[in-house]
Amino acid sequence: MEISVGKTSGFCYGVKNAVDKTNDVLERDKNIYCLGELVHNKTIINKLKEKGLKFIDNIEQANGTTIIRAHGIEKSVYEKAKKMNVKLIDLTCPSVLKIHEIAEKYALENYYIFLIGKKEHPEIIGTYSFCGKNSNVISEIEEVEDSIEKLKKSNLNKLLVIVQTTYSTKIFDEIIKEIKEKTPKNILIEIKNTICKATELRQEETKKLSKEVDLMIIIGGKNSSNTNKLYEIAQKNCKNAIFIENKEEIDKEKVSKYNKIGIMAGASTPQESVDEVIKLLEKEEKI
Ligand code: SF4
């Protein structure tokens with residue numbers, strides 16, 4: 001059995017920074033809150049809980065220093081925290097902060113903003129709050145026409161398009177094509193591909209690796225947007241693709257039939273989850 005692990009597999013720099021800094025803070029102080037899941041990964045969340053990190057769903061529940069995760073938060077949450085005198089440790093990924101800056105700047109310059117991404121994703125909820133009232137979220141290509149109607153009604157003649165950092169580059173390209181085709185010619189369109197490099201490289205490598213193996217294993221949290229995208233790519237490029245959160249979900253009998261196995265993990269998947277899967281596969285081979 002040949003096992004190939006993607007070079008870009010596992011923690012991205014934003015997640016690594018958030019996890020490392022949270023662990024550092026917990027060494028010094030036990031009364032620390034985290035607004036939402038720090039990362040979409042149960043293994044890490046459980047470990048942080050054991051270390052005393054308290055997870056809350058909204059800032060009103062904070063009763064001490066509060067960590068802001070890599071996805072970022074809404075503008076109004078910063079304001080509320082200030083009013084409540086809650087100290088924040090802002091671990092929003094620099095790539096996400098950059099999009100907030102872009103959105104604020106262009107909204108001030110009277111651009112209408114299309115934000116491409118999943119409506120319910122925390123990063124999109126946060127970024128949207130920086131886009132101003134002349135904006136809307138596009139999650140699917142079918143929503144482009146309706147968004148253009150709203151743009152026309154706004155009477156603005158400049159459009160900015162930005163995108164969720166972990167979005168699929170393929171779907172982004174399709175949506176952009178549709179926007180360019182359907183937007184009236186008198187409207188200036190400015191497109192900023194804000195998909196982060198870490199995501200782009202990982203998606204490219206997943207595609208390449210999936211084509212070369214008999215079985216492609218994607219490891220990560222089921223609620224992780226970037227890991228779900230990897231699974232979609234793997235399914236399209238490999239006849240046998242599975243999506244698991246940890247080694248317990250592996251069907252040992254099934255995987256032992258394959259000769260060439262590829263492994264890729266999402267941006268919030270710890271290395272130990274990948275190592276455990278490799279170890280199990282190697283053990284199966286020896287049996
Ligand atoms: S996926 Fe990209 S934007 Fe998101 S946390 Fe990681 S490095 Fe930052």
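The protein chain holds 11 helices and 12 strands. Both are DSSP runs numbered from the N terminus: helices are H or I with at least four residues, strands are E with at least two. The radius of gyration, taken over C-alpha atoms, is compared here with a globule rule of 2.2 Å times the number of residues to the power 0.38. The chain comes out at 21 Å, close to the 19 Å that the rule gives for 287 residues, so it is as compact as a globular protein of that length. This is a predicted model: local features need pLDDT of at least 70, side-chain atom pairs count only at pLDDT 80 or more, and totals for chains, interfaces and linings use all residues. Residues are numbered from 1 along each chain as its sequence is written, and side-chain values use heavy atoms, with hydrogens and water left out.

Now the overall dimensions. Along its principal axes the C-alpha trace spans about 70 × 50 × 20 Å. The accessible surface (Shrake-Rupley method, 1.4 Å probe) is about 14500 Å², and carbon and sulfur atoms account for 49% of that. Of the 287 residues, 51% count as buried. Buried means under 20% relative accessible area, exposed over 50%, and partly exposed in between, with a 1.4 Å probe and protein chains only. Contact means heavy atoms within 4.5 Å. Among contacts between residues at least 6 apart in sequence, 69% join residues at least 24 apart.

Turn to the sheets. Strands of a sheet pair through backbone hydrogen bonds, either parallel or antiparallel. Two strands count as paired if DSSP finds at least two bridges between them. Strand β2 (residues 33-35) pairs with β3 over 3 bridges in the parallel sense. There, Cys34 has Phe55 of β3 as its bridge partner.

Which strand is largely enclosed by the rest of the structure? Strand β6 (residues 112-116) is, because 5 of its 5 residues are buried. Tyr112, Phe114 and Ile116 lie on one side of β6, Ile113 and Leu115 on the other, and all are buried. β6 pairs with strand β8 (residues 158-163) in the parallel sense over 5 bridges. Leu115 has Ile162 of β8 as its bridge partner. β6 also pairs with strand β7 (residues 135-138), again in the parallel sense, over 4 bridges.

Two single residues are worth a look. Arg69 sits in the loop between β4 (66-68) and α3 (75-84). Is Arg69 buried or exposed? Its relative accessible area is 13%, so Arg69 is buried. A polar atom of the Arg69 side chain lies 2.9 Å from the backbone oxygen of Glu37. Beyond its neighbours within four places in sequence, Arg69 is in contact with residues including Leu35, Leu91 and Pro122.

Thr227 belongs to helix α9 (residues 225-237). With 0% relative accessibility, Thr227 counts as buried. Its side chain makes a polar contact with the side chain of Ser224 at 2.6 Å. A polar contact is a pair of N or O atoms within 3.5 Å; within protein, one must be able to donate a hydrogen and the other to accept it, and residues adjacent in sequence count only if both atoms are side-chain atoms. Leaving aside neighbours within four places in sequence, the contacts of Thr227 include Ile218, Phe243 and Gly266.
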